[in-house]
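User: I am new to this structure and would like to go through it by question and answer. Please show the sequence and the model.

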Amino acid sequence: MDVSVIIPLFNESESLKELDDWISLSFKYEDFDYEVIYVDDGSNDSSWDIIKSITISNLNRKGISFNRNYGKSQALSLGFSEAKGKYVATMDADLQDSPEEIPLMVKKLIENDLDLISGWKKKRHDSFITKRVPSYFFNFVARVFSGINLNDFNCGIKVYKNEVAKSISLYADMHRFIPILAKNKGFNRIGEHVVKHQPRKYGKTKFGNERFIRGFLDIITLWFTEKFG
């Protein structure tokens with residue numbers, strides 16, 4: 001298996017079939033054997049029924065369902081443990097990430113011998129006040145504290161070497177700091193790739209601004225642990 005694509009999701013029934021078709025098209029002309037692992041984080045809509053129908057008709061699709069909502073970090077952690085690919089990619093299920101970026105990022109990671117490559121939503125299609133301004137400030141603080149020169153630490157679309165994904169311990173909201181966690185494990189070759197950011201097509205965001213406040217506290221905790229732990 002060359003590439004494992006991990007997709008954590010919560011109540012994304014409207015987008016799942018369209019996303020799965022988009023992934024198939026993105027890999028159609030690529031010379032990669034790949035699998036897609038959907039991790040349903042306790043959805044209460046029809047997401048799990050759609051995932052089951054997708055996995056029945058596609059042998060390289062796998063579905064995992066939590067019995068309640070545990071959070072994105074826990075969903076990613078389980079996806080990482082199940083991934084068989086030499087390279088592991090992550091993306092969100094809301095159609096704002098473009099799956100055709102994944103083969104490009106895998107090739108870039110291989111060509112540059114990187115441990116991890118993170119997407120950068122350079123041109124964003126969301127609210128300036130409630131999403132973009134807090135995000136810019138959050139990423140600035142993360143760069144200063146970590147010393148990692150990334151513009152978008154929390155971008156959902158990333159590609160890792162398998163051993164990097166397997167080494168990262170995720171809990172609480174630590175998925176926002178995966179590049180920092182990877183660096184703390186000794187994986188210092190971290191790159192960035194500008195990705196397309198699509199306007200939200202269905203539903204609304206599952207996250208509020210309180211996550212940025214928690215994020216700043218988590219950055220301080222990570223810095224303190226790395227410095228004195």
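User: Which residues of helix 1 are buried?

Analyst: This is a predicted model, in which local features need pLDDT of at least 70, side-chain atom pairs count only at pLDDT 80 or more, and totals for chains, interfaces and linings use all residues. Residues are numbered from 1 along each chain as its sequence is written, and side-chain values use heavy atoms, with hydrogens and water left out. Buried means under 20% relative accessible area, exposed over 50%, and partly exposed in between, with a 1.4 Å probe and protein chains only. By that rule, the buried residues of helix 1 are L16, L19, D20, I23, S26 and F27.

User: Against which elements do the buried residues of helix 1 pack?

Analyst: Helices (H or I, at least four residues) and strands (E, at least two) are DSSP runs, numbered from the N terminus. Contact means heavy atoms within 4.5 Å. Helix 1 (residues 16–27) lies across strand 1, strand 2 (34–40) and strand 3. The packing partners of its buried residues are strand 1, strand 2, helix 2 (47–57), strand 3 and helix 4.

User: How far apart are the end C-alpha atoms of helix 1?

Analyst: The expected span of a helix is 1.5 Å times one less than its number of residues. For the 12 residues of helix 1 this should give 16 Å, which agrees with the distance between its end C-alpha atoms, 17 Å.

User: In what order do the strands of the open sheet lie?

Analyst: Two strands pair if DSSP finds at least two bridges between them. The edge strands, each pairing on one side only, are strand 3 (61–65) and strand 7 (190–194). The open sheet has seven strands with mixed pairing, in the order 3-2-1-4-6-5-7.

User: By what angle are neighbouring strands of this sheet turned against each other on average?

Analyst: Axes are lines fitted to C-alpha atoms, for helices over the stretch in contact, and angles run from 0 to 180 degrees between N-to-C directions. For neighbouring strands of this sheet the direction is ignored, and the average turn is 20°.

User: Do strand 1 and strand 4 pair in the parallel or the antiparallel sense?

Analyst: Strands of a sheet pair through backbone hydrogen bonds, either parallel or antiparallel. Between these two strands, V3 has Y87 as its bridge partner in strand 4, and I6 stands opposite T90. Strand 1 (residues 3–9) and strand 4 (residues 87–90) are joined by four bridges, and the sense is parallel.

User: Which residue in strand 6 is the bridge partner of T90?

Analyst: Strand 4 and strand 6 pair in the antiparallel sense over four bridges. Within this pairing, V88 has Y160 as its bridge partner in strand 6. For T90, the bridge partner in strand 6 is K158.

User: Which residues on the two faces of strand 6 are buried?

Analyst: In a regular strand the side chains alternate between the two faces of the sheet. Strand 4 is covered on both faces, with Y87 and A89 buried on one side and V88 and T90 on the other. Strand 6 is likewise covered on both faces. Its buried residues are K158 and Y160 on one side, and on the other V159 and K161.

User: Which residues of helix 3 are buried, and within what arc do they fall?

Analyst: The buried residues of helix 3 (residues 72–82) are K72, S73, A75, L76, G79 and F80. Seen down the helix axis, they line one face of helix 3, because they fall within an arc of 160°.

User: Is S15 buried or exposed?

Analyst: S15 lies in the loop between strand 1 and helix 1. Leaving aside neighbours within four places in sequence, S15 is in contact with A93, D94, L95 and Y202. Because its relative accessibility is 1%, S15 counts as buried.

User: Is K123 buried or exposed?

Analyst: K123 lies in the loop between strand 5 and helix 5 (128–146). K123 and V194 are 71 residues apart in sequence and 8.9 Å apart in space, C-alpha to C-alpha. With a relative accessible area of 63%, K123 is exposed.

Key: Arc of directions from axis to C-beta.
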